[in-house]
Structure formats: structure tokens, C-alpha cells
Amino acid sequence: MNATFESARSQQPAILFLDELDSVGDRTKFNGEHAIYSTQVVNHLLECIDGAEGRDKVIVIAATNYPEAIDPALLRSGRIERHVRLDLPDADERADILRFHMGYSSGSEELSLLATGLDGWTPADLEKLARDAKRCARTRQREAQVQDIADVLPPLQILSDETVTRTSLHEAGHAVIALLLWSDMRVALRIRKSYRPSASFTDLGQAQFFHRQAEVHTRESLENSICRALAGAAAEHLLLGAHSDGVGGKAGSDIEYATRLATQIVASYGMGESLLFALEDETTAGSAAWRLPSSMRFEINGILRNQFERAKALLSDHVSVLRSLTDSLLEKEKLNGEEVAEIFFGCGMTFER
């Protein structure tokens with residue numbers, strides 16, 4: 001670290017890039033025999049970044065795929081303070097990325113059409129695709145063409161009608177509960193009926209929520225968010241008898257997100273049966289619940305169960321709009337906020353608490 005920062009100082013003005021910043025770790029999560037050393041590593045990185053004297057023309061930039069795993073002290077003002085989220089590229093951006101890596105001076109309609117079918121692919125996936133296409137062209141002893149990209153694409157995966165219907169129902173469940181519980185909510189939905197697999201995980205469906213974020217949270221507002229997160233699983237239970245593995249399995253999933261909020265209610269915000277502070281809200285993950293006393297774990301599970309049953313009850317009372325949204329999403333594959341609202345309020349639905 002010392003050598004790297006000293007090298008940047010000696011060459012300033014300079015940009016110092018720290019890749020995979022999450023690998024440094026978070027001091028609140030260290031345990032075991034190496035915890036002291038790992039803490040010293042984070043502390044020294046903080047000292048290097050804070051050492052502003054003689055480093056006024058060095059800009060420190062970092063990147064990560066896991067911002068939740070970074071020590072909060074690294075992200076505070078005066079350190080790595082400005083945060084920019086880079087979402088997956090859209091169809092036009094995917095075409096531009098492929099054009100760049102293929103070395104084309106301009107795009108083409110054929111390239112744009114091909115990029116449209118690569119929804120969910122990351123820039124790294126697209127770069128690898130371009131490398132594979134160039135390799136294919138070399139074996140054919142000619143310049144790379146769009147056809148080479150098409151030839152090295154993985155086979156198109158067609159999802160079964162059962163899977164597509166379940167996914168549509170799941171996403172519609174999220175939308176119905178969100179629109180019932182928030183008066184200013186807009187929801188956009190999308191599903192896939194087919195996809196080309198890549199090295200990056202591809203969601204089969206997605207619900208995007210747009211509304212003004214609360215300035216402060218109460219237990220009621222947090223429970224509403226838990227109810228919304230579990231609504232997809234509740235919709236599957238209500239109409240199909242059980243939910244699929246799509247509701248959990250990873251950080252950021254419906255169940256992990258709901259568990260994280262329930263854990264914060266009980267262990268961070270003093271909104272449960274105890275006022276005991278046990279966890280910082282900024283570093284709480286869904287798995288943190290297992291480190292808590294059994295009484296807290298029991299209470300967290302009770303919150304999750306109550307909100308799951310609440311979501312099922314609300315969806316049961318509004319099953320007609322749930323079916324209408326599911327059918328429309330099955331037909332169109334994408335519904336924007338206005339289309340979702342039109343279906344919702346067209347069925348006579350109103351905001352409720």
C-alpha cells in the first residue's frame with residue numbers, strides 16, 4: 001500500500017485505481033485468528049487515503065461488485081466519497097460495446113438486432129463474445145463479421161410455459177402489494193420467455209419500483225417493505241400451492257432482503273420487544289440474524305411469517321387484479337409504470353394501508 005500510494009504521489013497528477021475494493025474487507029465482520037491482521041490492513045488503507053498532505057493531485061477511484069461488503073469508513077466523506085452505480089447496458093449500449101471490441105468504425109442494423117437478444121449480458125460478457133468471434137474469424141482466415149458473433153453465441157434457452165407463468169405471477173404479486181401499500185408508487189415489470197446464457201447470472205423476471213424514499217422509517221414502513229419483498233412468494237403460494245427457489249438463494253434476493261429489514265427492526269432500531277442494540281444497520285446482511293440470541297431470531301422469524309401471511313391475505317382479496325397483471329405480463333413480457341397502473345386501477349383497485 002505504501003509503495004502504491006508513494007508511486008501515485010511521485011507521478012501526480014495521477015489517478016490511483018483500486019479494483020475489487022471489497023476484497024479488503026469490513027472490520028465489523030472479521031473473526032478468527034486473522035481478525036487482528038485484517039483489521040490492521042483496513043486501518044492502514046484508511047491512513048493512506050487520509051494522507052492528503054503531498055497528495056492533493058491524486059484522485060483515488062475504486063470499483064466493486066459488492067458495495068455492501070466494504071467497510072463503511074472507506075466510503076465516508078474525505079475518502080471514497082462519491083458513489084456511482086453502473087447498471088447493465090441496454091440494447092443500444094450493448095451494440096456499441098460489441099462494435100468497439102470488434103473494431104468496427106460504425107454499427108449496423110444487423111449488429112443492433114443481435115445485441116437486442118443479449119439482455120442481461122455484462123460488458124465483460126460482451127467483450128468475451130467479441131474475442132470468441134474474432135477467434136472464429138481467424139480460423140476462417142478473414143476479417144471478423146457480425147455472422148461470426150452469431151455463430152459463437154450460446155444456444156437460445158427457451159423457458160417452459162410453466163416457468164414463464166410462475167415468473168409472471170411472482171412479479172405481478174410484487175406489483176399488486178406495492179401499489180396497494182404506497183400511494184405514490186410506480187412499478188415496471190418484465191419477464192423472459194427465452195434468453196442466451198452468459199457467465200453472469202440472468203434473472204428470469206424483475207419488478208422495478210419507483211417512489212419517493214421515506215426520510216425516516218417506522219416499523220410500519222419497514223414491515224410494508226418486507227410485505228412487498230415477500231409478495232412474489234405469497235402469490236406463488238396462493239395460486240400454485242408453493243413458492244420456487246427464485247425467492248432466495250443469494251444476497252439481494254427477496255428472502256435475504258426481507259430478513260435484513262426484519263433483523264434491523266429487532267436488532268438495530270429498537271423497534272422489537274427489546275431496545276437492545278446488537279447490529280449496525282449499514283452492515284446488516286440477512287445472514288446476520290443467525291449470530292443473534294435465539295429470542296431475537298424467533299422474533300425476526302415472526303415478523304417475516306406475519307408479513308408473508310399479510311401479503312397472501314391482501315393478494316387473496318385482490319386476486320382478480322393479480323390474474324390480470326399476470327396475463328398481461330405473459331402476453332407482452334414488459335409492462336411500464338403507466339401500463340401497470342392502468343391495469344391496476346382499471347380493476348377498481350385503490351391505495352390502502
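Author: Quick definition before we start: buried means under 20% relative accessible area, exposed means over 50%, and partly exposed is in between, using a 1.4 Å probe on protein chains only. This is a predicted model, where local features need pLDDT of at least 70, side-chain atom pairs count only at pLDDT 80 or more, and totals for chains, interfaces and linings use all residues. Residues are numbered from 1 along each chain as its sequence is written, and side-chain values use heavy atoms, leaving out hydrogens and water.

Reader: Is Phe344 buried or exposed?

Author: Phe344 has a relative accessibility of 0%. Since the cut-off for buried is under 20%, Phe344 counts as buried.

Reader: At what angle between the planes do Phe344 and Phe345 pair?

Author: Rings of Phe, Tyr and Trp (its six-membered ring) pair if their centres lie within 6.5 Å; planes under 30 degrees apart are stacked, over 60 edge-to-face, and the rest tilted. The structure holds one aromatic pair. Phe344 and Phe345 form that edge-to-face pair, 4.9 Å centre to centre, and the angle between the planes is 90°.

Reader: Over the face of which Phe does Arg228 lie?

Author: A charge sits over a ring if NZ of Lys or CZ of Arg is within 6 Å of the ring centre and within 35 degrees of the ring normal. The charged end of Arg228 sits over the ring of Trp182, 5.0 Å from its centre. At 4.2 Å from the ring centre, Arg228 also lies over the face of Phe209.

Reader: With which side chain does the side chain of Asp22 make a polar contact?

Author: Asp22 counts as buried, at 19% relative accessibility. A polar contact is a pair of N or O atoms within 3.5 Å; within protein, one must be able to donate a hydrogen and the other to accept it, and residues adjacent in sequence count only if both atoms are side-chain atoms. At 2.6 Å, the partner of the Asp22 side chain is Thr64.
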